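Work through the exercises below with the sequence and the model at hand. Each task is followed by a solution in steps.

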Amino acid sequence: MPAVNYSLVARDSFSHLIKREENWAKQEAGVIVVFCIVFIVGVGLISLFIYKKLAARKARKQSN
């Protein structure tokens, strides 16, 4: 079994990353838009949940 020189593997991988000129986000703009929409909807739902919990706590505090 031949020995693997990891420094050569790392150098080749690094040079491949440096030579990469195409931007994945530029090529797949639709996917980025979907990610943004899902993030915005998720933040909105979490905010709504927190708002309802705080409103319920405030109503409970005022009723006592």
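**Exercise 1.** Find the helix that holds Ile-37, then describe the fold around this helix.

Solution. The model is a predicted one. Step one: Ile-37 is found in helix α3. Step two: helix α3 covers residues 29–63. Step three: the protein has three helices and zero strands. Read from the N terminus, the order of the elements is α-α-α.

**Exercise 2.** Decide whether Ile-32 is buried, partly exposed or exposed, and list its contacts beyond close sequence neighbours.

Solution. Step one: Ile-32 lies in helix α3. Step two: buried means under 20% relative accessible area and exposed means over 50%. Step three: Ile-32 has a relative accessibility of 29%, so Ile-32 counts as partly exposed. Step four: with neighbours within four places in sequence left aside, Ile-32 is in contact with Trp-24 and Ala-25.

**Exercise 3.** Describe the surface of the whole protein, and state which residues make its nonpolar patch of about 610 Å².

Solution. Step one: of the 64 residues of the protein, 0% count as buried. Step two: the accessible surface comes to about 6500 Å², and 67% of this surface belongs to carbon and sulfur atoms. Step three: the nonpolar patch is made by Val-33, Ile-37, Val-41, Leu-45, Leu-48 and Tyr-51. One of these residues, Ile-37, was placed in helix α3 in the first exercise.

Notes. Residues are numbered from 1 along each chain as its sequence is written. This is a predicted model: local features need pLDDT of at least 70, side-chain atom pairs count only at pLDDT 80 or more; totals for chains, interfaces and linings use all residues. Side-chain values use heavy atoms; hydrogens and water are left out. Helices (H or I, at least four residues) and strands (E, at least two) are DSSP runs, numbered from the N terminus. Buried means under 20% relative accessible area, exposed over 50%, partly exposed in between (1.4 Å probe, protein chains only). Contact means heavy atoms within 4.5 Å. Accessible areas come from the Shrake-Rupley method with a 1.4 Å probe; for residues, only the protein chains shown count as cover. Patches are made of residues with over 30% relative accessible area and no salt bridge: like charges are joined within 9 Å, nonpolar side chains (Val, Leu, Ile, Met, Phe, Trp, Tyr) within 5 Å. A salt bridge is a side-chain nitrogen of Lys or Arg within 4 Å of a carboxyl oxygen of Asp or Glu.
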